[in-house]
Structures are given as structure tokens and as C-alpha cells.
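Before reading on, please look over the sequence and the model shown here. The paragraphs that follow go from the chains to the cores and then to the charged pairs.

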Amino acid sequence: MTAAGDDRRLACGVSLERLVDQVAEGAAPADGEHQAGCEHCQAAVRELERLWADVRALADHRVVVPERVLEEVMHRIRGHRPSARATGLPLETVVPRMLRHAQLRTTRGVTRVADLVLVDLARVAVAGVPGVVAARGRAVEVEVEGHRVWVRVRVLAAYGPSLPALAERVRRVAAAIIERNAGLEVVGVDVVVDDVIAND
Amino acid sequence: MWLTACGAVIVIVDDAHLVRAAQAGDADAFEVLVRRHQERVFRVALRMLGDPVEAQDASQDALIQAWLGLPGFGGRSAFSTWLYRIVVNRCLNLLAARRPACELLEVSLAAVGEPAEEAEMRERLAALVAAILALPGEQRSALVLRELEGLSYEEIATVLGVSVAAVKARLHRARAELARRVRA
């Protein structure tokens with residue numbers, strides 16, 4: 001194994017690298033007279049031509065794009081308008097920032113609240129509900145349309161209390177915080193209890 | 001525009017028109033662009049990353065990034081060149097974030113055609129793919145764009161954001177390294 005950058009030479013002194021470029025580019029030999037009479041060069045060129053035939057075969061090899069690509073892309077972009085500031089940023093930062101805003105129209109202008117803000121409000125509030133052990137990962141999702149908001153909360157519940165009662169408390173708290181702090185109308189709160197954990 | 005046998009009208013709209021519509025927020029226009037270009041995006045990602053699942057994710061992310069970044073596309077280069085730039089950068093970032101141990105990837109090429117000669121051919125291509133995947137990212141991107149995608153030096157320079165001289169240098173090193181690995 002030779003180190004990268006090591007200019008390997010053939011027995012006749014010609015650099016292998018030069019022959020590689022000649023074959024890859026389909027160019028005329030830089031030193032035609034020598035090559036025409038040199039068996040080392042000719043053998044190396046033949047070998048490289050075989051390799052480059054493989055490269056071309058690989059280039060012609062049909063690649064089948066998984067159908068999911070188009071589906072997934074279109075699913076994710078609908079509803080996110082292009083933005084001049086989006087390029088260059090990691091997607092993880094861009095997509096949440098492209099989320100939608102709830103709108104409150106007043107007689108003196110419009111108040112827009114990013115749905116991320118609503119997510120944060122609800123998550124903090126729900127985490128404080130007795131019986132909720134944790135509001136997991138992406139625990140809260142919201143969907144906004146104008147001033148109307150749908151909320152979906154996923155929680156881990158403490159073992160013991162009635163789950164429907166717990167869900168109702170979560171529902172009340174999540175709706176209250178968004179209605180009070182953001183002035184929006186909460187049309188529904190779906191609660192998902194992901195797991196129940198025994199408290200010692 | 002063509003009239004087909006059953007009377008349907010097919011209108012072929014060029015990329016530039018679709019790009020303008022997509023820039024104005026027309027997701028359907030973008031869908032046509034995705035259908036047109038997804039194969040090259042996926043192919044480059046697959047050759048750069050070696051793993052179909054990773055290539056699928058990278059392709060999806062690149063296409064979404066393209067949609068989000070459309071207003072920044074001024075149309076100075078072809079849409080395809082711009083798309084190459086996004087997907088190649090995405091792959092280079094992924095490669096940079098990869099731990100060295102992940103470099104050993106399982107290489108597979110689907111069998112097509114005659115099984116007899118194809119088996120040997122497939123083995124040679126698998127060795128070639130492995131050699132390409134062993135190249136450093138910078139060299140790999142230059143080689144993939146030139147030898148597999150057939151881009152010109154100028155186009156590669158635009159995609160990689162470097163000079164034509166730098167492209168030639170990378171390509172030279174990549175080819176030499178490839179020849180060495182396959183001969184070894």
C-alpha cells in the first residue's frame with residue numbers, strides 16, 4: 001500500500017499518474033514516441049483502459065430511486081413556502097422555523113404567534129400537571145389555522161390515577177395556557193398516554 | 001406540445017419556467033422538478049455515501065433544502081448544477097460527521113442482465129465502488145461528478161465552489177488513487 005500522493009513510476013520511468021489522466025480524458029499520449037515503443041507503458045495503459053471501462057459501466061448503471069423520496073419531499077414541503085434565508089442553514093433548524101403562525105386580527109394590526117411558541121407554552125404547562133411524569137421528546141404538536149389551534153400532547157403517566165381524568169387535566173391545562181397567554185382559540189387537545197410508570 | 005393517440009395534450013415546460021413558478025410557492029411545479037431530477041440527486045448521494053438508506057435521507061433533505069432555498073437561486077447556473085451543489089454539500093457534511101469506523105460500508109449493486117458474465121462484472125464494479133468510497137470526500141465528489149455524472153470542469157467548479165484548477169488537481173489525485181487501489 002503506497003501513501004496517497006506518491007507518484008508511482010513504471011519500470012521505464014514514466015509516471016503512472018500521467019497515464020491515468022491520459023486514459024481518463026481519452027487524450028493523446030504526452031510522450032507518443034516513447035509510448036509507441038514501450039511495453040511497460042502499453043501494459044499500464046491497457047490495464048487502466050479496463051478500469052475506465054468499468055468506470056463507464058458504473059456511470060451507465062441505472063439507479064432506481066426509492067418511491068418514498070418524492071412522496072416524502074412533497075409531503076414535507078407543502079405548507080412551507082420557500083424563504084430567502086433558508087439556504088445554508090441545517091434543515092433541522094430551517095424546517096421548524098418554517099412552521100406556521102397563528103394569527104389574531106385586531107382593528108389595529110395582526111398578531112402572529114409562531115406555532116413553536118405554542119408548543120413551548122403547552123409543554124411547560126403540561127409538565128407541571130400532577131400525574132404526568134414526563135412530556136416526551138416531541139411531546140407537543142400543534143396545528144394552527146388562523147386563530148384556531150389544535151393540540152396533541154404525548155405524556156408518560158404515573159401509575160395509579162385514572163388515565164381519562166389525567167388526560168382531562170392535561171387537556172384543560174394545555175388549552176388554558178394557549179388561550180390565556182396567546183389569546184388563541186383551542187379547538188381541541190388530543191392526549192396520548194405513551195406509557196405508565198410506577199412511582200416508588 | 002404533442003397530441004397523443006388518446007388525445008391528451010402533453011406540454012413540456014423547461015426547468016427555468018418551473019423554477020420561477022416554484023419560487024412563487026407553486027409546489028406542483030416543484031414536484032415536476034423533483035420528478036425530473038431526483039434520479040441524479042439520488043445517484044450522486046448513493047455514490048458519495050455508499051448506503052442506499054443514507055442516500056435516500058440525504059436526497060430527501062437536499063430536495064427539501066432546495067425548495068426552501070429557491071429564492072436564493074438566481075438562475076445563473078442550470079437548476080441541475082445548483083441541485084448538485086446542494087446534494088454534494090449535504091453528503092460532504094454527512095461524511096465529515098461520520099466516524100471513521102463507519103467507512104466500511106457494505107457495497108451492493110443490483111444484478112441486471114445475463115447472470116454468467118454479469119456476476120464477474122458485478123464483482124469488478126463492487127470493487128470499483130469500494131475504491132471510490134475509500135477516497136477522501138473532496139476527491140470523491142470531484143470524481144463522481146466528472147466520471148459518473150459527466151459534468152464539465154467548469155460545472156464541477158461551480159458545484160464545489162472552487163476554481164477549475166482545484167477541480168483538476170482533485171480529479172488528478174482521485175484518479176491516481178483509484179488506479180492504485182484497484183491495481184493493488
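**Two chains, element by element**

Along its sequence, chain B follows the pattern β-β-α-α-α-α-α-α-α-α. In numbers, chain B has eight helices and two strands. Its 184 residues include 46% that are buried. When contacts in chain B between residues at least 6 apart in sequence are considered, 58% join residues at least 24 apart.

Chain A is built from seven helices and five strands. Starting at the N terminus, the order of elements in chain A is α-α-α-α-α-β-β-α-β-β-α-β. Chain A has 200 residues, of which 36% count as buried. For contacts in chain A between residues at least 6 apart in sequence, the share that joins residues at least 24 apart is 53%.

This is a predicted model, and confidence should be kept in mind while reading it. The average pLDDT of chain A is 81, and 82% of the residues score at least 70. Residues 1-6 of chain A have a pLDDT below 50, and this stretch has ten contacts in the model beyond near neighbours in sequence. Residues 84-98 of chain A also have pLDDT under 50. For residues 84-98 the model has 26 contacts beyond four places in sequence. Where pLDDT is low, the predicted coordinates should not be read in detail.

**Strands of chain A**

Which strand of chain A is joined to β4 by eleven bridges? The partner is β5(A), residues 185-197, which runs parallel to β4(A), residues 148-158. Within this pairing, Arg154(A) has Val192(A) in β5(A) as its bridge partner. Helix α7 of chain A, residues 163-182, belongs with these two strands: β4(A), α7 and β5(A) make a right-handed β-α-β unit.

**Nonpolar cores**

In soluble globular proteins, nonpolar side chains tend to be buried together. Here the largest nonpolar core has 80 residues. Val73(A), Phe30(B) and Phe79(B) have the most contacts inside this core. Its largest share, twelve residues, comes from α2(B). What does Val73(A) touch, leaving out residues up to four places away in sequence? Its contacts are Phe30(B), Val34(B), Gln60(B), Leu63(B) and Ile64(B).

**Charged pairs**

Over all chains, the structure holds 24 salt bridges. One of the pairs is Arg175(B) with Asp21(A), whose closest N and O atoms are 3.1 Å apart. This pair crosses between chains: Arg175(B) is in helix α8 of chain B, residues 164-183, while Asp21(A) is in helix α1 of chain A, residues 16-25. Are the two partners buried or exposed? Arg175(B) has a relative accessible area of 2%, so this residue counts as buried. Asp21(A), at 21% relative accessibility, is partly exposed.

Another salt bridge is formed by Glu39(B) and Arg62(A), with 3.1 Å between the closest N and O atoms.

Asp120(A) is partly exposed at 38% relative accessibility, and Arg123(A) is partly exposed with a relative accessible area of 31%. Elsewhere, salt bridges that share partners join Asp21(A), Glu25(A), Arg146(B), Glu147(B) and Arg175(B) into one network. The pair of Arg175(B) and Asp21(A) described above has both of its residues in this network.

Key: Residues numbered from 1 in each chain as written. Chains lettered and ligands numbered in written order. Heavy atoms only, no water. Salt bridge = Lys/Arg side-chain N within 4 Å of Asp/Glu carboxyl O. Helix = DSSP H or I, 4+ residues; strand = E, 2+ residues; numbered from the N terminus. Buried < 20%, exposed > 50% of the residue type's maximum accessible area, 1.4 Å probe, protein only. Core = buried A, V, L, I, M, F, W, Y, C linked by side-chain atoms within 4.5 Å. Contact = heavy atoms within 4.5 Å. Pairing = 2+ DSSP bridges. Right-handed = clockwise from strand over helix to strand, strands pointing away. pLDDT = per-residue confidence, 0-100.
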